[in-house]
Amino acid sequence: DTLPSSSAAAAPTTGIAPSLDAFWMPFTPNRKFKQSPRLIVGGEGLHYDLADGRRVLDAIAGLWCVNAGHRNPRISAAMKAQIDVLDYASNFQIGHPAAFELAQRLARFAPEGMNHVFFTNSGSESVDTALKIALAYHRARGDAGRYRLIGRERAYHGVGFGGISVGGIGRQRSTFGPLLNGVDHLPHTHDLVRNAFSRGEPEHGIDKADALEALLALHDASTVAAVIVEPVAGSTGVLPPPRGYLKRLREICDRHGVLLIFDEVITGFGRLGANFAADLFGVTPDIITAAKGLTNGAVPMGAVLMRDAIHDAFMQGSVGAIELSHGYTYSGHPLACAAAMATLDAYTEDGLIAQAAALSPFFEDAIHGLRGLPGVIDIRNTGLLGGIELQAWADGPGTHAQAVAQQCVELGVLVRSVGDTIALSPPLTIGREHIEQIVDALRTAIAQTARPTDKEA
Ligand code: PLP
């Protein structure tokens with residue numbers, strides 16, 4: 001297989017179309033994809049340019065990350081300027097100013113009292129770093145008996161061994177055999193019977209948080225180090241938390257000395273119309289994991305933000321000792337720091353987060369307008385994050401949403417299928433007319449792909 005000739009613009013400068021064979025694509029059915037590859041060769045603002053010359057509206061912000069729009073001029077300029085001054089410097093026992101400056105800015109951007117930041121290169125690394133910090137924190141305080149971690153069903157926390165251990169997606173765990181010891185899971189909060197077509201936080205399900213009390217009793221609370229949840233589960237279908245649920249998790253954790261970690265890799269940086277989900281829901285965790293929107297996807301970077309008390313617990317003993325035996329060659333990479341600072345400028349000085357908050361009610365009304373179409377069994381939203389769940393087809397999980405997503409591309413809109421849910425996560429720079437374009441494409445695609453068995457909810 002080689003690339004189709006229409007994608008010559010994307011071919012390397014040799015002019016020879018590259019074979020598709022060598023690249024083992026992540027989270028992709030490689031053989032199927034390579035039979036009819038779809039390639040993106042350019043991007044600007046809200047749009048992607050496809051290899052066949054078409055331009056599509058990017059309703060998923062790349063992969064939930066390009067919140068400030070593609071090739072945002074502020075971010076491109078900052079990266080170009082940085083690369084001409086300093087390409088790389090380690091932060092192991094030497095440093096460079098941009099990493100310190102960015103950390104300080106993130107501390108200001110984060111919820112009150114979270115003034116310390118550890119840099120990583122991805123969401124997966126942020127999750128594994130956060131879990132390690134949680135375990136080491138208890139040890140640093142002389143409480144080494146706290147070793148258990150609690151995740152949740154239907155959680156996605158990236159692909160590190162820590163992340164898949166606390167994650168709640170069966171296939172991503174069973175492929176690899178034994179994972180971390182001492183991990184248990186809360187029940188997921190998705191409830192189509194009680195909560196279908198909820199707007200924002202569903203009314204029912206705070207009781208699902210009480211399962212934490214039960215798990216703590218089961219395992220002995222004094223053995224539990226941390227609980228990790230996505231405030232809104234993203235990759236498993238866009239599942240906003242039931243009203244009061246996160247607050248109750250916080251109360252239970254506080255009662256038992258267990259740390260609460262919010263995985264905000266998707267929900268951070270304006271996606272929900274606030275800096276973080278923690279701000280939107282008024283619940284401050286002990287640790288926040290971030291990535292994606294941190295640099296607008298322009299270069300890999302992740303971050304772990306933590307409450308002062310967590311950081312301070314490590315700053316004891318000999319001042320000559322390394323406080324945490326952990327870090328990456330590219331922790332706080334200069335190019336990523338420059339991109340992240342320019343991205344923060346876009347979110348704050350250009351008012352993108354405020355813009356997202358202002359547009360959220362319109363987005364909510366627009367996507368809920370799809371209710372009543374054949375096969376649409378639920379619609380969910382928070383901020384500029386939306387999910388439209390479709391009735392599963394008999395020929396396999398996910399096939400319905402894949403068919404609709406495929407048809408949307410034909411109609412000029414790129415959406416993402418996650419299981420049988422269509423996920424929407426457009427750049428925060430989106431306007432009303434583009435939201436209408438997305439919803440119109442979905443309405444048409446759902447009608448065009450409908451099967452006689454698809455029921456109206
Ligand atoms: N955590 C959450 C909540 C995510 O949604 C993702 C990615 O989608 C990750 C972690 C992993 O991030 P990465 O793919 O950058 O490793």
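These legends describe close-up views of one predicted model. Residues are numbered from 1 along each chain as its sequence is written. In this predicted model, local features need pLDDT of at least 70 and side-chain atom pairs count only at pLDDT 80 or more, while totals for chains, interfaces and linings use all residues.

**View 1. The shell around the ligand.** The ligand is surrounded by 14 residues. A residue is near a molecule if its C-beta atom, placed from the backbone, lies within 6 Å of it. Ser-122, Gly-123, Ser-124, Gly-158 and Val-265 are the closest. Helix α5 (residues 123-140) gives the largest share of the shell, three residues. Helices (H or I, at least four residues) and strands (E, at least two) are DSSP runs, numbered from the N terminus. The shell holds five nonpolar, seven polar and two charged residues. Here Ala, Val, Leu, Ile, Met, Phe, Trp, Tyr, Cys and Pro count as nonpolar, Asp, Glu, Lys and Arg as charged, and the others, Gly among them, as polar.

View 2. Domain 1 covers 38-68 + 353-449, and domain 2 covers 76-348. These bounds come from an automatic or database domain assignment. The domain centres, taken over C-alpha atoms, are 26 Å apart. In domain 1, 31 residues are in contact with 29 residues of domain 2. Contact means that the C-beta atoms of two residues, placed from the backbone, lie within 7 Å. On the domain 1 side, α2 (61-64), α14 (352-368), β11 (376-382), β12 (385-390) and β15 (421-424) each supply at least two residues. That side has 14 nonpolar, 12 polar and five charged residues.

**View 3. Helix α4 packed with helix α13.** The axes of α4 (residues 97-109) and α13 (residues 334-348) come within 9 Å and cross at roughly 35°. Axes are lines fitted to C-alpha atoms, for helices over the stretch in contact, and angles run from 0 to 180 degrees between N-to-C directions. The crossing is left-handed: the near helix is turned anticlockwise from the far one by less than a right angle. From α4, the contact includes Leu-102, Arg-105 and Phe-109. From α13, Met-341 and Leu-344 are among the residues taking part. The contact residues divide into 10 nonpolar, no polar and two charged.

View 4. Four strands form an open sheet in the order β11-β12-β15-β14, with antiparallel pairing. Two strands pair if DSSP finds at least two bridges between them. β11 and β14 (416-418) are edge strands with a single partner each, so one side of each has no neighbour in the sheet. From one strand to the next, the twist averages 25°. β14 and β15 are joined by three bridges. Val-418 has Thr-421 of β15 as its bridge partner. Helix α14 lies across β11, β12 and β15, and runs at about 175° to β11.

**View 5. The mixed sheet.** This open sheet has four strands in the order β1-β2-β3-β13, and its pairing is mixed. At the edges stand β1 (40-44) and β13 (413-414), each with a single partner strand, so one side of each lacks a neighbour in the sheet. Four bridges link β1 to the antiparallel strand β2 (residues 47-50). Opposite Ile-40 stands Leu-50 in β2.
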